[in-house]
Amino acid sequence: MRTQTESRWIVLGTDGRHVSLGRSEPSEAEVASASDALAAQGLSGWLARMQGEYYSRARVTLEPLRAIGVAPEADWKAALSAFHAARHCATH
């Protein structure tokens, strides 16, 4: 049985789209670059930490670390729901 859970940092958009920044904590420059890229498209999202293996059918959890992009008041719960729907499609 596996005792460690995979942890990675991701950028989660308000519509559930996401991209991995890797397994180590991103630098401030990487976070600023991701935020600028979202803002340039008029989008917003979050820097988040994902616990669990994305392509496994086991549950993963996301922890929002900070809002990035243009709308820091965006709806985290809606984005999280859209993320889980996209992940379900990718793993089933």
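**Sheet, helices and pocket**

A: Gly16 takes a positive phi near 95° in the hairpin of strand 1 and strand 2, which has four residues between the strands. Mind that this is a predicted model: local features need pLDDT of at least 70, side-chain atom pairs count only at pLDDT 80 or more, and totals for chains, interfaces and linings use all residues. Residues are numbered from 1 along each chain as its sequence is written, and side-chain values use heavy atoms, with hydrogens and water left out.

Q: How do you decide what a strand or helix is here?
A: They're DSSP runs numbered from the N terminus: helices are H or I with at least four residues, strands are E with at least two.

Q: Okay, what's the strand order in the sheet?
A: The order is 2-1-3-4, in an open sheet of four strands with antiparallel pairing. Strand 2 and strand 4 are at the edges with a single partner strand each, so one side of each has no neighbour in the sheet. From one strand to the next, the twist averages 30°.

Q: How many bridges do strand 1 and strand 2 pair over?
A: Four, in the antiparallel sense; two strands pair if DSSP finds at least two bridges between them. In that pair, Val11 stands opposite Val19 in strand 2.

Q: And strand 1 with strand 3, how many bridges?
A: Seven bridges, again antiparallel. Trp9 stands opposite Arg49 in strand 3.

Q: What about strand 3 and strand 4, how many there?
A: Those two pair over eight bridges, antiparallel. Ser44 faces Gly69 in strand 4.

Q: Is strand 3 mostly covered or uncovered?
A: Mostly covered, with six of its eight residues buried. Buried means under 20% relative accessible area, exposed is over 50%, and partly exposed is in between (1.4 Å probe, protein chains only).

Q: Switching to helices, which strands does helix 2 lie across?
A: Helix 2, residues 76-91, lies across strand 1, strand 2, strand 3 and strand 4, and runs at about 110° to strand 1. For angles, axes are lines fitted to C-alpha atoms (for helices over the stretch in contact), and values run from 0 to 180 degrees between N-to-C directions.

Q: Where does Ala34 sit?
A: Ala34 is in helix 1. With 16% relative accessibility, Ala34 counts as buried. Leaving aside neighbours within four places in sequence, Ala34 is in contact with Val11 and Ile68, where contact means heavy atoms within 4.5 Å.

Q: New topic: how much space lies in the largest pocket?
A: About 200 Å³. A pocket is an open set of points on a 1 Å grid over the protein atoms alone, where a 1.4 Å probe fits, with protein on both sides within 12 Å along at least five of seven lines; lining residues have an atom within 4 Å of a point. The volume is the space filled by probe spheres set on the points, which are joined across faces, edges and corners.
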